[in-house]
Amino acid sequence: MSDRAGLDAVKAALARMGAVEVCRRLNLDRPSVATGGGLLVLCPWHGDGTPSCKVDTRSGAIVAFCHACKAGGDALDLVAAVHGLDPSSKAAFPEVLKLAASLAGVDLGDVRSGAYVPPPAHPAPPPPTLPPA
């Protein structure tokens, strides 16, 4: 498996978690305002006193955008911002990917070896129980 497979697996796992859970795990959910499947949170790119950064899930991906400073990006950009890292830096990117993988519960070693099997997007509902005949 390629590094690209690891990147894709991490982004997909974070998207399956959803914006609210990603924000909770990054400690961005306090204070926050619910916004139809996402959250308006304090911006991790600039110090702000009121929630101005919208984090939600769009087209199967976590997306963040700050209405105050205009910074934003995908799930990895959000993880990087919370940890004070630059995801565009070749030196910092492996650390950003490792932090995001840990957050998402993805073992990058398993992805690279081909052993990683992503969990289902939604657990299967239990079979219906019928009354005795």
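Trainee: How many residues sit between β4 and β5 in their hairpin?

Mentor: Heads-up: this is a predicted model, where local features need pLDDT of at least 70, side-chain atom pairs count only at pLDDT 80 or more, and totals for chains, interfaces and linings use all residues. Residues are numbered from 1 along each chain as its sequence is written, and side-chain values use heavy atoms, leaving out hydrogens and water. Strands are DSSP runs of E, at least two residues, and helices are runs of H or I, at least four, numbered from the N terminus. In this turn, Lys70 has a positive phi of about 70°, and the number of residues between β4 and β5 is 5.

Trainee: Which β5 residue is the bridge partner of Ala64?

Mentor: Strand β4 (residues 61-66) pairs with β5 in the antiparallel sense over 3 bridges; pairing takes at least two bridges found by DSSP. Ala64's bridge partner in β5 is Gly73.

Trainee: And on the β3 side, which β4 residue partners Thr57?

Mentor: β3 and β4 are antiparallel too, over 6 bridges. Thr57's bridge partner in β4 is Ile62.

Trainee: Which strands stand at the edges of the sheet?

Mentor: The sheet is open, and its 5 strands run β1-β2-β3-β4-β5 with antiparallel pairing. Two of them have a single partner strand each, so one side of each lacks a neighbour in the sheet. Those are β1 (32-35) and β5 (72-74).

Trainee: What angle does helix α3 make with β5?

Mentor: Helix α3 (residues 75-82) packs on the sheet, touching β3 (53-58), β4 and β5; contact means heavy atoms within 4.5 Å. Axes are lines fitted to C-alpha atoms, for helices over the stretch in contact, and angles run from 0 to 180 degrees between N-to-C directions. For α3 and β5, that angle is about 120°.
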